[in-house]
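Welcome, and thanks for taking a look at this one.

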Amino acid sequence: MAKNTDNQKVRLGFTGVGGRGAHLLERCLDMNDVDVLTVCDIQERHCQRAWKEVVESGRPEPKIYEDHGQMVKRDDLDGVVIATPWESHISMAITAMEADKFVGLEVGPANSVEECWELVRTAEETGSHCMLLENCCYYRDCMAVLNMVRQGIFGELVHCRCGYGHDLREPIITGSETALNQKDGRNYRGLHNEKRNGDLYPTHGIGPMAKCLNVNSGNRFVSLTSTASKSRGLDDWAENNLEPNHPSYNVDWSIGDIVTTVLKCANGETVIVNHDVSLPRPYSNMYHVQGTNGIWKRTFESIDHSEENPGLTLESSIYLEKKSSGHEWESFDTYQTNHDNPVWEEYLEMGRKAGHGGIDHLVLRDYVMSVKRGEHPPIDVYDAATWMVISPLSERSIALGNEPVAFPDFTNGAWMNNDPKFGLLGDDLPEHL
Ligand SMILES: NC(=O)c1ccc[n+]([C@@H]2O[C@H](COP(=O)([O-])OP(=O)(O)OC[C@H]3O[C@@H](n4cnc5c(N)ncnc54)[C@H](O)[C@@H]3O)[C@@H](O)[C@H]2O)c1
């Protein structure tokens, strides 16, 4: 890869400029130290839209590609951001690393355990990096809690909970206009929910919890069990909202409505992860962090997409022995202020940027800074493989009647010696916001 320094611009290519990819592109075009040289999508109209965005930002015309493999061969790209459907995103990351590109990879499930090994081996063999763009790690409350965990305020951690609670019945069943690759118009979510029964979106939940538990740096996941409820929510929605001749009316969905996974860590902690996308419900990541001194839990989350006041409202509660009165929850607000990650203090002062309440900007800044310096990213290829492999492992456990399944150690033992401070999210970001 061409060497870069702090003073130079990072030269990026984007593969998959549909919904999420277009948003990531827009965020990057806000950054003075990013140039976008190429955009790639199998849909011409998405390429054209992305091309226009780049040109309107005052940058030179980007070259359009239909083929990711061709695009990544260019030797003038420092990094490639990938936001394609779940079937292809990991294999594309592998192709990009083989071409010596620093990958920024959107979240989603792995298709198989082997695919995750290949991702890790490619990074090790090529020396290229892959950062998982897990924006949820950058939530203001999660970053403050991580700070508190590192200061020992919760004592020794014992248990965490998290998940992905998001009513996605309509997009799963009816798909989206971006879904070119399926005959019936459903998108990648439809395909995977039809064919797979497991936790298909584990990383938004497990990301911040894995950072608190020092997974891959002093700790690791050793096994999991998964249990799926019956599958009813998607059928029920289709019956109530579609005409019987709709192609998705009679789909035989594999996914259980609620998939509950329990992970066991080498240091003895347990983590419950829920996947809950097929029933009516408000959005939630269900975060809980519990240790020998007390417990924190996210209690409310709401995303406002309005033009006037876009943003995210988060509320959480805490109970700390000898600090909180009686056995009562108290508001997290004061703790939030007292333990804010410096990145958030600075970020609020300058006015947070759009995208899930600002977290999209933060994750991309960490990515851009890592590419610029050629440094190991804070959410690295081992984290990416460890968090995304939960999907095929949970499928395996469910298929075996909820049997425990051994968790691969992608670090090949290095987790025992890796510095827990390594990969401190946003550590030196303030000066680079
Ligand atoms: N982090 C987040 O908050 C967040 C939010 C939404 C989506 N995502 C992730 O982003 C990814 C994309 O999701 P989306 O909702 O934007 O999907 P989408 O269908 O809107 O966009 C995917 C794009 O990839 C393109 N594509 C498909 N195959 C391709 C190929 N072989 N080569 C080039 N382009 C190809 C499609 O034409 C489409 O434009 C998924 O992995 C999803 O999990 C993350």
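Helix axes here are lines fitted to C-alpha atoms over the stretch in contact, and the angles between them run from 0 to 180 degrees between N-to-C directions. With that in hand, please keep in mind that this is a predicted model.

**Helices α9 and α14**

- The axes of α9 (residues 203-212) and α14 (residues 381-388) come within 10 Å and cross at roughly 130°.
- Angles of 65 to 115 degrees count as roughly perpendicular and those over 145 as roughly antiparallel, so α9 is oblique to α14.
- The crossing of α9 past α14 is right-handed.
- On the α9 side, the contact is made by T203, I206, G207, A210 and K211, while α14 brings D383, W387 and M388.
- Sorted by class, this contact has 4 nonpolar, 2 polar and 2 charged residues.

**The setting of α14**

- D380 caps the N-terminal end of α14, with a side-chain oxygen 3.1 Å from the backbone nitrogen of Y382.

**Helices α1 and α13**

- α1 (residues 19-29) packs against α13 (residues 359-373) at an angle of about 70°, and their axes are 10 Å apart.
- That angle makes α1 roughly perpendicular to α13.
- R20, H23, L24, R27 and C28 of α1 meet D360, H361 and L364 of α13.
- The contact of α1 with α13 divides into 3 nonpolar, 2 polar and 3 charged residues.

- Buried means under 20% relative accessible area, so T411, at 6% relative accessibility, counts as buried.
- Which side chain does the side chain of T411 meet in a polar contact? Its partner is the side chain of D409, at 2.7 Å.
- A polar atom of the T411 side chain also lies 3.0 Å from the backbone nitrogen of W415.
- Leaving aside residues up to four places away in sequence, T411 touches N216 and Y382.

Note on methods:
Residues numbered from 1 in each chain as written. Predicted model: local features only at pLDDT ≥ 70, side-chain atom pairs only at ≥ 80, totals over all residues. Heavy atoms only, no water. Helix = DSSP H or I, 4+ residues; strand = E, 2+ residues; numbered from the N terminus. Parallel < 35°, antiparallel > 145°, perpendicular 65-115°, else oblique. Left-handed = near helix turned anticlockwise from the far one by under 90°. Contact = heavy atoms within 4.5 Å. Nonpolar A, V, L, I, M, F, W, Y, C, P; charged D, E, K, R; others polar. Polar contact = N/O pair within 3.5 Å; in protein donor to acceptor, adjacent residues only side chain to side chain. Buried < 20%, exposed > 50% of the residue type's maximum accessible area, 1.4 Å probe, protein only.
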